[in-house]
Each structure stands twice: as structure tokens, then as C-alpha cells.
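Here is a short tour of a protein structure, written for someone meeting one up close. Keep the picture open while you read, and look up each residue as it comes along.

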Amino acid sequence: MAELMSMILTEDFLATIVRVGVPLMFASMSAYVAATSGLLNIAIEGIMLMSALMAVLGSYWTQSAVLGLLIAIASGILLALLLAFMTMRLGTDPFLVGIAINTFTSTFTIFLLYLFSGNKGISASLPSKVLPTINIGWLEKIPILGAVFSGQYLLTYVCFAFIIIVPLVIQKTKYGLRLKACGLNAQAASSVGINVNKMQVSAIVISGLLAALGGAYMTMGYLSAFSRNMIAGRGWIGFAAQAMGGSSFIGLSLTTLAFSFFQAIVAVLSRSDVSSDLLTTVPYFGVLFGVIAFSVVNYFKRRKLSV
Amino acid sequence: MKETILELRNITKVYHNGVVANRDISISFEKGEIHSIVGENGAGKSTLMKIIYGIESPSEGEIIHKGEKVKFRGSMEAIHAGIGMVHQHFMLIPTMSVVENIIVGDEPSNIRGIVDYKEAVKRTRELSEHYHLDVDVLSKIEDLSAGEKQKVEILKTLYRNAEIIILDEPTSVLTPQETETLFEELFKLKEMGHTIIFISHKLNEVKRISDRITVIRSGECKGTFENDEVDLLQLAELIVGRKLLSSYSELKKDVDDKKEILRVEKLYLSNKEKNILENISFSIRSGEILGIAGVQGNGQSELVRAIAGIGPMSSGEISLSGQRIEKLSVKKRRELGLSYIPEDRLGVGVATTAPLCDNIISSYYDRADINGHFFMDRRKISETANNLISKFTIRTNSIYTAVGDLSGGNMQKVVVARESNTDPICMLAEQPTQGIDIGSSEYIRTQLIEMRNRGAAVLLISADLEEVLSLSDRVIVMYNGMISAHLSNLDKISTNDLGLYMLGIRKQTSDELKEALYE
């Protein structure tokens with residue numbers, strides 16, 4: 001136990017939380033934007049997986065990290081639009097479409113991987129590009145902050161930017177107010193002349209973009225290659241964090257932070273001699289207990305209200 | 001000469017499926033009048049309003065707004081032209097504040113799409129003061145009463161500079177007091193030069209506030225009248241297109257061998273703070289309708305739910321034909337001959353997504369004749385459903401139509417048909433005609449009287465005092481969870497007298513109240 005504490009109480013550990021937390025936060029924000037507009041983006045997991053692969057393939061084809069990133073983003077947005085088209089235009093149940101996209105991508109990515117790299121497990125044979133890490137000179141000298149906020153991958157800073165921009169847009173702008181109105185009462189929104197369809201499509205595009213960034217981060221920073229099913233539930237964790245945070249962005253961020261903490265523990269302990277099979281279950285137990293705690297708290301809140 | 005602000009000329013609306021919703025309707029609306037449009041559900045009022053509000057476009061005819069021919073493509077254009085609509089179901093977002101609800105879609109902003117909330121609060125406050133529509137603009141919608149929500153809806157239209165305000169059945173969710181407040185507000189708006197188009201089928205309200213009244217029946221305009229040209233009965237007959245019963249008492253027949261059927265004694269229901277029901281005692285004999293009058297929320301609903309067995313009680317006795325039932329399950333009570341028409345039609349009365357034929361047997365689905373040995377006897381069920389449909393003249397496409405797709409009146413007829421099909425000895429009728437059209441209301445009232453004539457005991461709870469007085473043989477009034485009056489000589493009672501008891505201004509002595517319970 002003391003050993004564990006000594007591992008956790010380091011600057012390194014904080015940096016690890018950020019490193020493992022970025023894809024979770026992208027996933028959470030992706031779910032948040034969609035949910036705000038009244039849609040459930042159940043395909044986040046699949047979108048992240050697809051973009052993670054497309055980032056590798058794209059940067060391999062173009063030999064440019066930036067173009068690879070753009071290709072990853074495009075693939076994410078396309079999948080999100082597919083979800084929107086099926087649910088909003090054709091009226092299919094969002095869960096059904098979400099499950100279809102997730103199962104499709106989990107196997108289609110392996111197919112593509114095999115097609116282009118000849119390997120069914122990992123894309124190591126493809127020389128793909130990664131995005132640079134960024135060192136901020138003046139920040140590095142500050143203890144703790146320097147370790148956490150400097151020397152991270154480019155997409156980490158993009159994530160930080162979105163953490164500031166997303167709530168600002170939702171809380172402060174006309175666009176945000178209207179988006180919330182669509183999500184909370186679509187009929188009421190359309191009765192005052194808001195084009196609900198248009199708003200929701202715009203939200204799903206942003207949601208797709210955010211999920212794609214989370215996916216690209218996995219292969220262009222966190223790791224430098226694609227391996228099968230490497231998203232491993234990160235999209236779902238984001239989805240859960242959104243559901244638990246409700247409409248509160250702070251709630252969502254804190255929940256995501258808690259999940260990141262568990263992920264970071266795994267990352268740290270995997271260097272020790274604890275069984276790795278056991279370790280990988282930690283974040284999922286975290287989610288499970290998180291959801292249980294959340295349900296119990298809500299139950300008592302409701303009971304208190306009804307009495 | 002008054003100034004015409006909006007005129008409909010020969011409006012006809014034919015839907016794609018060939019249904020003619022409006023046929024050759026011409027109405028003119030004057031500036032600064034309250035103009036009511038009355039008609040049965042499905043008469044075409046809503047379609048007509050959608051045409052004015054730009055949601056539907058007319059197949060033929062034209063709309064003249066301030067002397068100019070207009071064609072609204074979408075409600076946005078109608079809003080810009082100064083037409084506002086308050087929908088029957090609130091178009092509000094419960095978790096948002098009043099201000100946000102009012103401004104959304106048309107927000108004041110300073111730089112680049114950032115909402116200027118300070119300005120928004122200022123403007124909505126000014127608006128609320130100017131029109132005397134008192135509401136705390138910073139509170140959340142979910143914390144408001146129905147009456148306040150309505151104010152927000154009206155403010156929403158005024159914020160968008162509406163000169164013509166359409167209110168679609170605005171009082172259906174309001175208490176009598178809130179309704180009165182709404183009327184005062186509407187009078188003020190009228191004085192300030194706004195035109196109010198008031199859609200309703202509550203004729204006494206229409207008579208109370210309108211300058212002019214237009215009647216629509218089966219998609220056709222049956223004339224526009226000055227308020228003092230027509231009385232209530234004439235109006236009702238214009239709406240249904242036939243003679244109506246002027247009195248229900250002539251339908252009543254004397255019943256021999258009156259026995260006590262329902263007996264409620266010393267019924268209490270209390271929570272930690274207070275008694276919700278206190279010392280309720282009364283009884284009903286066969287061939288008798290006992291009416292319960294009272295302002296909604298004075299315990300009537302809790303009382304009937306306790307008797308029906310779906311709500312709690314703390315102590316007391318309930319007997320049906322001499323047998324104690326207060327501990328029995330709902331099912332047992334029903335088997336003993338209890339029937340219940342609940343107030344919450346959509347939530348308790350029917351399963352909206354289930355077909356009519358299932359709804360019409362749902363309270364006796366396990367009866368041997370329709371529940372075969374293993375499978376339900378579908379043939380018998382359709383036979384039952386078809387019989388009841390023709391007996392109760394329920395308008396539906398087929399017995400498989402989801403009940404939720406029927407009009408309110410037809411939905412209620414399904415409930416009444418089911419509840420009376422078990423030949424109950426005691427019927428609990430809770431707001432049986434609330435929110436439904438005149439034709440169906442009359443039919444349901446006649447059914448209650450017929451049940452009474454067959455020897456059933458009927459408990460009638462209604463917010464409609466006219467209904468209570470015209471159907472009941474005796475009346476008790478509830479105030480604050482207690483019985484405040486028991487009245488058996490109804491010829492001499494006016495709605496005003498009832499009102500005094502309902503508001504708790506008068507209360508009978510305990511000796512007088514004892515008479516509610518037959519010895």
C-alpha cells in the first residue's frame with residue numbers, strides 16, 4: 001500500500017492522469033454535445049476506433065501527420081453523420097444504429113488493418129506519423145504545473161482548449177441556448193422558429209469531431225500505432241460520464257477525472273509486478289461502482305423530494 | 001367602426017388523405033377584441049389556427065393581414081407579422097429560467113452571438129410589468145404553477161411583439177382561480193389594443209370573456225355572433241348541430257327497494273404535517289347519485305382513490321353492500337361490483353399505445369367468457385369491443401386503433417364503456433367529462449343516469465358545478481379535506497351557495513353533516 005502511495009504521490013502520476021484522461025475527456029465532451037442537442041451518440045466508441053485507425057492509415061498514405069489527422073476527423077464526422085441520417089431521417093432507433101456502428105467498426109478496422117499492413121493485430125509495420133509534443137519553456141520551471149501542463153502531446157492542448165470552449169459556447173451563446181432548448185423540449189424550440197434538425201445535425205458533427213480527436217490521440221500521441229480494439233471501452237466511459245454528469249459540464253469533467261484517475265493507477269501499477277489481467281479490470285470496476293454510487297445518491301435525492 | 005386586423009376569406013383546407021378540415025371559412029378579427037372560436041374536438045379549430053399561424057397552408061382562400069394579402073410559410077413569418085400562439089400544451093423548457101424560455105430563438109446579444117442576459121432580464125421584467133403579467137423572471141419554469149407558466153407563454157408572444165394572440169384551450173390546465181386571473185390579464189391586453197383569439201369548448205368561459213364568438217362545426221363556419229346575441233344553450237346546440245337536453249332530471253326514474261350500497265365511515269388520511277382527509281363519512285344508496293363538489297385539491301381526489309383502492313388511507317371503514325372493503329385489493333373490490341372512471345384518463349384510465357379492443361376489456365380481462373382456457377378468446381374480445389363501440393358510438397377506425405389516437409371524448413367513452421360493461425353496483429366517476437366535447441359529455445352524463453336508474457350507486461366528483469347540480473340527487477361539499485356541507489334539497493341550491501361552502505366561508509354543523517350517512 002505504501003508502495004502504491006509513493007507511486008501516486010508524484011508529479012509523474014499527475015502527468016499520467018492527464019495523458020490517459022485526454023481520450024476520456026474527448027469522449028465525454030462528444031457525448032455531452034450530442035446529449036445537449038437531444039441526441040444520444042452511442043457510436044462514440046466506434047467512431048474513436050475508426051478514427052484511430054484512419055489517423056494511422058491517413059498519415060501513412062500522405063506521410064503527413066496533419067493530413068492524417070484531417071482524414072481521421074473526416075472519418076469520424078462521416079460516421080456521426082451516418083448515425084444522424086439513420087436516426088433523424090430514417091427514424092431508426094438510436095441504440096440500434098449505435099450498436100451497428102460499434103460492432104461494424106470493431107471488425108472493419110481489423111479488416112482494413114490486415115488489408116494494408118498484412119497484420120491482424122497491430123499496425124507496427126506501417127510507418128505512420130505522430131503529432132509533436134509541446135514543451136512550454138516558462139511553464140516547465142513551475143513545479144507540478146510544469147510536469148502536468150508542459151511536454152504533453154499537441155492534441156492534449158487541443159483537448160484543454162475544448163474544455164474551455166465547449167461550456168462557454170453552451171452557456172453563453174445564442175447557439176448554445178438554442179441547442180439546449182432543442183435537447184430539452186424540441187417542440188418548444190421549433191415553436192419559436194428554431195430549426196431543430198439543423199441544430200441537431202450541427203451538434204452531431206461536433207460530437208463526431210470530438211470523438212475523432214479522441215481516437216486520433218490514441219494512435220498519434222498516446223501510442224504511435226494502431227492495435228485491434230485499442231479504444232477498449234474509452235468511448236463508453238465517456239458516454240457514462242456524460243450520463244452521470246447530466247447537463248452539468250463540471251459534473252461531467254469531475255466524473256471523467258475520476259475515471260482517468262483509475263486508468264492512471266493501472267498505467268502506474270502495470271510497471272510493478274501486479275497481475276496485468278487483474279489490473280485492466282480496475283477502470284471498469286471504477287465505472288461500475290461510479291454508476292452504482294450515482295444511482296444510489298439519485299435514489300435518495302428523489303425520495304427526499306417526494307416526501 | 002372598428003378596424004379589421006386579420007381576415008380569413010373562404011379558407012378551405014383539404015389534407016393529402018382527402019380529409020376536409022376546413023370548408024369555405026370566412027372570419028374577420030377586429031383590433032382589440034376577444035374573439036372566441038368554439039366547436040367540438042375535430043371540428044377544425046386547430047387546423048384553422050395552424051393556418052393563421054403559418055404551420056399549415058390553406059388549399060384555397062386567402063388571409064388578409066392589415067389590409068394586405070399574406071401567405072405565411074412557417075410560423076416564423078407569422079411571428080414576424082405580429083401573430084403569437086399559446087399552445088394547449090405548454091411549449092416551455094422546465095429546467096430553464098423564465099428569461100431563457102422567453103428569449104430563446106430571439107435573444108438579445110452584444111458581440112458575436114454571446115447572449116446579453118442582463119439586457120434579457122431587463123426587457124422581460126419591463127414586459128412583465130407593462131402588461132401586469134406578474135412572474136419572477138429568474139425562477140425556473142419547473143417551480144412555477146400552471147397559471148404562471150401560462151403567463152410566461154403569453155409573455156413569450158408579447159416579447160416577439162405579438163398584436164394578435166391565439167390561445168388554444170388555455171384554461172384546460174388551470175384552476176378556477178388561475179382561470180379568473182388569466183381572464184383579467186386578457187381583458188387588460190384587450191384594452192391595450194391586442195386582439196385575442198380564444199379557442200375553447202368551455203362555453204361558460206367563452207360567454208364570460210368574448211366580444212364575439214364564431215362557431216365551427218365539421219369544418220364549416222356556422223356564423224359569428226355578438227356575445228349577447230346567443231345564450232349558452234343556443235351556442236351548445238349550434239356546436240353539436242342538434243337539440244340538447246335542457247335538463248337531466250327528466251331522465252331520472254325512481255328506483256324501488258333502495259339499499260345502502262357504499263358506506264364510508266370516519267375515513268382519515270394523514271401525513272406527518274396534517275390531515276389530508278379528516279373524518280369523512282357518507283353513504284350512497286342504490287339508484288342514487290351523490291355529487292362531491294369542491295375546489296380541486298381539497299381531498300376529493302384522495303378520497304376517491306382510497307375508495308377505489310389505488311390510494312392510501314390512514315384509518316376508517318369503507319363498505320360495499322355491507323361488506324368491508326378497505327383492506328381488499330383493487331381486483332377484489334372490482335369483483336364485488338365497484339367501477340372507477342379515473343380523472344387521469346391518459347395515465348390511469350387507458351393504456352394509450354394499446355389497441356382499443358384491449359383497453360375495453362382491461363378491467364375484466366380474466367373473466368371466463370373472454371379468457372379461454374389458455375389463450376385469450378380474441379373472437380369474443382372483438383365481439384365485445386364491436387358491441388360497445390356501436391352502443392357507445394365511439395368514433396374509431398377499427399378496434400385495433402391505439403386508444404391514444406382517439407379524441408379525448410372517444411377515449412373517455414372507451415373508459416366509460418369498459419367500466420359500465422361489468423354491471424357495477426357502485427360507480428366512482430371522477431371528473432368524467434373533464435376536457436371532452438359537448439356531445440360526448442352529454443352522452444356520458446346520460447350513461448351515469450342510466451346506471452343510477454338500473455339501481456347502481458354513483459359517486460360523482462366534478463369540478464363542473466353545473467354538472468354536479470344537474471346530475472346529483474344529493475351533494476356533499478369538500479373543503480380542506482373535510483366535508484363542509486351535505487345538501488339533499490338541490491332545487492333550492494344555487495352555484496353561489498355551493499361556492500360559499502367550497503371556499504370554506506360557510507360550514508354546516510356536525511348535526512347537519514350527520515345526514516350524509518344513512519343510518
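Take the contacts in chain B between residues at least 6 apart in sequence: 67% of them join residues at least 24 apart. Keep in mind that what you see is a predicted model.

How much of chain B is buried? Of its 519 residues, 53% are buried.

You'll find B:K45 in helix α1 (residues 45-52) of chain B. Its relative accessibility is 5%, and buried means under 20%, so B:K45 counts as buried. Leaving aside residues up to four places away in sequence, B:K45 touches several others, including B:I37, B:V38, B:G39 and B:E40. B:E169, B:I199, B:S200 and B:H201 are also among the residues that B:K45 touches.

Next, salt bridges. A search of the whole structure turns up 37 of them over all chains.

| Residue | Partner | N to O distance |
|---|---|---|
| B:E185 | B:K151 | 3.5 Å |
| B:D366 | B:K331 | 2.2 Å |
| B:R452 | B:D473 | 2.9 Å |
| A:R178 | B:E107 | 2.6 Å |

Let's go through the pairs inside chain B. The side chains of B:E185 and B:K151 meet in a salt bridge. B:E185 lies in helix α6 (residues 176-191) of chain B and B:K151 in helix α5 (residues 146-159) of chain B, so this pair ties together parts that are 34 residues apart in sequence. Are these two residues buried or exposed? Both B:E185 and B:K151 are buried.

The salt bridge between B:D366 and B:K331 has its closest N and O atoms 2.2 Å apart. This pair links distant parts of the chain, 35 residues apart: B:D366 is in the loop between α12 (356-359) and α13 (378-391) of chain B, while B:K331 is in helix α10 (residues 330-335) of chain B. B:D366 counts as partly exposed, at 35% relative accessibility, and B:K331 counts as partly exposed too, at 41%.

Then there's B:R452, which forms a salt bridge with B:D473. B:R452 sits in helix α15 (residues 438-453) of chain B and B:D473 in the loop between α16 (465-471) and β19 (474-479) of chain B, so the pair ties together parts that are 21 residues apart in sequence. B:R452 is buried, with a relative accessible area of 4%.

Salt bridges can also join up: B:E7, B:R9, B:E62 and B:K69 are linked in a network of them.

Which residues have a positive phi without being glycine? One of them is B:N10, with phi near 50°. B:N10 is found in strand β1 (residues 4-14) of chain B, and it is partly exposed, with a relative accessible area of 42%. Another is B:T393, with phi near 40°. B:T393 is in the loop between α13 and α14 (408-420) of chain B, and at 48% relative accessibility it counts as partly exposed.

Finally, look at where the two chains meet. Here, 18 residues of chain A are in contact with 25 residues of chain B. The area buried between the chains is about 1700 Å², and carbon and sulfur atoms give 64% of it. On the chain A side, A:K174, A:L177 and A:V192 lose the most area to chain B, together 36% of what that side buries.

What holds for polar partners across this interface? There are two salt bridges between chain A and chain B, and A:R178 with B:E107 is a salt bridge with its closest N and O atoms 2.6 Å apart. Six residue pairs are in polar contact across the interface. In chain A, α8 (154-172), α9 (174-184) and α10 (186-191) each supply at least two residues of the side that touches chain B. The largest share, six residues, comes from α9(A). That side of chain A divides into seven nonpolar, seven polar and four charged residues.

Methods. Residues numbered from 1 in each chain as written. Chains lettered and ligands numbered in written order. Predicted model: local features only at pLDDT ≥ 70, side-chain atom pairs only at ≥ 80, totals over all residues. Heavy atoms only, no water. Contact = heavy atoms within 4.5 Å. Buried area = accessible area lost by both parts, 1.4 Å probe. Salt bridge = Lys/Arg side-chain N within 4 Å of Asp/Glu carboxyl O. Polar contact = N/O pair within 3.5 Å; in protein donor to acceptor, adjacent residues only side chain to side chain. Helix = DSSP H or I, 4+ residues; strand = E, 2+ residues; numbered from the N terminus. Nonpolar A, V, L, I, M, F, W, Y, C, P; charged D, E, K, R; others polar. Buried < 20%, exposed > 50% of the residue type's maximum accessible area, 1.4 Å probe, protein only.
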